[in-house]
2 protein chains.
Amino acid sequence: MVMSEQGKDPEADMIQSMFAPLTLGAQGSYGLRDDVAFVPTQSPGIIVTQDQIIEGTHFFANDPLEKVAKRLVRRNLSDMIAKGGIPTAAFLSLAWPKSRDKADIAKFARGLGEDLADLCSDCPLMGGDTSTVDGPLVASLTMMGKPTAANGQPVLRQGAQVGDIIAVTGVIGDAYLGLQVRQGILNGRHLKDCLEFNMAPFPPTLDIAPLIGRYAHACLDVSDGLLIDALRLATASGVRIEMALDLMPISDEADNAGFPDEDERNLLLATGGDDYQPLFALSEDDFDAFVTAAEELDVQVTAIGKCVAGDGLALTYLDEPMDLPITLGWEG
Amino acid sequence: MVMSEQGKDPEADMIQSMFAPLTLGAQGSYGLRDDVAFVPTQSPGIIVTQDQIIEGTHFFANDPLEKVAKRLVRRNLSDMIAKGGIPTAAFLSLAWPKSRDKADIAKFARGLGEDLADLCSDCPLMGGDTSTVDGPLVASLTMMGKPTAANGQPVLRQGAQVGDIIAVTGVIGDAYLGLQVRQGILNGRHLKDCLEFNMAPFPPTLDIAPLIGRYAHACLDVSDGLLIDALRLATASGVRIEMALDLMPISDEADNAGFPDEDERNLLLATGGDDYQPLFALSEDDFDAFVTAAEELDVQVTAIGKCVAGDGLALTYLDEPMDLPITLGWEG
């Protein structure tokens with residue numbers, strides 16, 4: 001369906017004008033004025049991700065709308081990167097609350113457009129559907145992308161091999177600390193970056209995707225918690241992951257947040273989720289090459305575990321075994 | 001994102017089990033257990049439609065959930081057919097109200113699965129995202145399809161030529177009459193089919209899509225009202241459409257609904273919308289071939305107008321000019 005019908009309705013035209021620039025002139029978007037889009041493709045296929053963002057579930061009602069849109073883009077982009085994909089087209093379904101000013105859709109569109117341009121390598125918005133809802137804001141983004149892996153396929157959760165290193169980009173736990181601040185549990189004075197990260201997380205640069213496509217045997221993005229997502233990768237791949245929680249990368253803010261026990265802190269941050277960093281398995285022989293290439297992109301890569309025969313997830317802290325917590329992350 | 005995370009959560013596993021059969025074993029769906037899907041494609045591209053269905057906006061809270069899902073599929077399928085496309089993959093974003101029983105998602109999934117199988121030529125559900133909302137049900141379906149037109153492109157709103165016939169499949173107005181019944185304005189005793197059509201509209205069989213791809217110069221589906229959609233086609237194509245409203249096909253139920261004036265009745269039905277029938281322009285020379293082929297599919301095709309030089313829309317009734325109503329349809 002068109003983003004807004006091309007009728008005589010000035011309101012629909014307003015919405016049209018907000019989103020049409022986001023097509024970046026892509027021919028198959030037809031300026032959002034037809035009923036469908038035509039997305040150019042090649043063989044063998046395209047990677048497709050689809051994630052929603054829901055007021056009251058994924059964001060607070062008073063969050064700035066630019067940030068809400070960016071959070072939506074980055075949830076999808078994070079999946080795309082983790083699969084070694086480069087975004088090529090996006091589609092937006094927007095259920096806009098009747099209680100909100102329609103003019104504020106412009107703020108949402110601005111955040112969307114900025115991220116699609118800046119973080120997604122000028123990915124065009126090619127279509128979607130805008131309607132109203134007598135309730136909270138619901139938005140769903142569908143992102144399509146081309147694979148960078150040599151086999152022309154996405155990097156999957158399955159594929160990790162015994163002997164592989166388990167690595168992660170960036171840091172873990174900032175989004176969780178930011179959420180604690182937003183909920184009034186922690187004092188936010190020294191957690192400003194965490195707060196920002198919680199509102200609109202930062203996956204690594206898209207330039208990391210070809211490296212994942214080239215080197216990773218298996219990958220997913222850490223969205224529900226490092227531990228649960230590591231377990232998912234292990235289960236899908238049919239290996240056991242041994243993870244050294246003392247090696248888990250955290251930010252300076254997290255390090256200075258005043259937790260009394262470092263092992264307890266890391267365990268907490270490893271179950272917080274919303275990190276949007278690729279967690280991946282790669283051959284030990286390839287690790288140095290990956291790190292070197294990632295350094296050129298200013299992306300921090302940390303080895304935090306290895307794949308062994310068996311199943312499940314095991315933790316250590318400074319080489320001592322550590323019990324798994326009851327909850328490994330968001331299991332919804 | 002996966003339809004439901006493969007964790008230890010029995011509720012998530014339940015949702016997974018509801019939707020996984022709808023993949024029909026499509027390889028790139030990974031059984032809905034990875035973070036993305038891989039949709040097989042060929043050059044030059046794919047047709048993409050995306051439509052939402054929102055409780056309180058597009059359906060009533062007490063509508064059967066199977067019908068709600070079918071309505072969602074058919075809104076998208078109708079666009080696909082009108083563009084000469086054959087569905088090849090579907091993605092579902094579902095924001096499920098916290099106030100509804102999660103077990104009822106099975107009803108929604110059943111309706112979805114039945115329509116994707118029966119009406120959409122075994123179109124697999126290849127991914128999506130299920131989450132909860134503290135508000136009304138919101139669902140968005142993304143449908144991808146392959147073009148049947150010889151140029152490998154979708155049939156657009158633009159392309160109608162001076163001299164073309166304007167034709168429509170099926171009948172117009174049943175959904176509107178059904179809505180009137182549901183709103184308590186009309187008595188439903190003799191409008192049972194209309195009521196049913198309103199709840200889950202019936203686009204023509206998918207087998208009509210290749211005919212549209214072959215013959216139609218321009219096409220869209222009548223969703224907001226015959227008049228406004230005809231105007232859109234005219235405007236996009238740069239032609240004027242002269243429509244004979246007395247030729248507009250209506251059902252026996254509509255004919256027997258007891259409207260005092262037939263011209264007023266047809267005008268009303270022509271602005272009601274939700275008809276989900278392709279409205280298209282084709283060469284006069286091709287019309288008989290189209291009708292003959294459509295008859296073999298049990299699809300009624302009616303010529304209701306022609307394209308002339310100029311712009312806009314003009315109506316006649318039994319060859320007498322007729323004023324356009326103030327509202328041509330849903331202009332949102």
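**Entry 1: one alanine**

I began with A:A254, which is found in helix α8 (residues 252–255) of chain A; helices (H or I, at least four residues) and strands (E, at least two) are DSSP runs, numbered from the N terminus. I note that this is a predicted model, where local features need pLDDT of at least 70, side-chain atom pairs count only at pLDDT 80 or more, and totals for chains, interfaces and linings use all residues. Residues are numbered from 1 along each chain as its sequence is written, chains are lettered from A and ligands numbered from 1 in the order in which they are written, and side-chain values use heavy atoms, with hydrogens and water left out.

Is A:A254 buried or exposed? A:A254 counts as buried because its relative accessibility is 1%; buried means under 20% relative accessible area, exposed over 50%, and partly exposed in between (1.4 Å probe, protein chains only). Leaving aside neighbours within four places in sequence, I found A:A254 in contact with A:D174, A:L177, A:F259, A:R265 and A:L269. Contact here means heavy atoms within 4.5 Å. I also looked up A:K70: A:A254 and A:K70 are 184 residues apart in sequence and 23 Å apart in space, C-alpha to C-alpha.

**Entry 2: where the chains meet**

Next I turned to the two chains. I read that 74 residues of chain A are in contact with 74 residues of chain B. The size of an interface is often given as the accessible area lost when the parts come together. Here the buried area (accessible area, 1.4 Å probe, that two parts lose on being put together, summed over both) is about 5,500 Å², and carbon and sulfur atoms give 50% of it.

How many salt bridges does the rule find across the interface of chain A and chain B? The rule finds 6, a salt bridge being a side-chain nitrogen of Lys or Arg within 4 Å of a carboxyl oxygen of Asp or Glu. I looked up one salt bridge, in which the side chains of A:D35 and B:R157 meet at 2.8 Å, N to O.

I then followed β2(A), and 10 of its 10 residues are buried. Two strands pair if DSSP finds at least two bridges between them. Within chain A, β2(A) pairs with β5(A) in the antiparallel sense over 8 bridges, and I saw A:T49 opposite A:M143 in β5(A). Across to chain B, 4 bridges join β2(A) to strand β1 (residues 37–40), running antiparallel; A:I47 stands opposite B:F38 there.

I checked β1(A) too: it pairs with strand β2 (residues 45–54) of chain B, antiparallel, over 4 bridges. In that pairing I noted A:V39 opposite B:I46.
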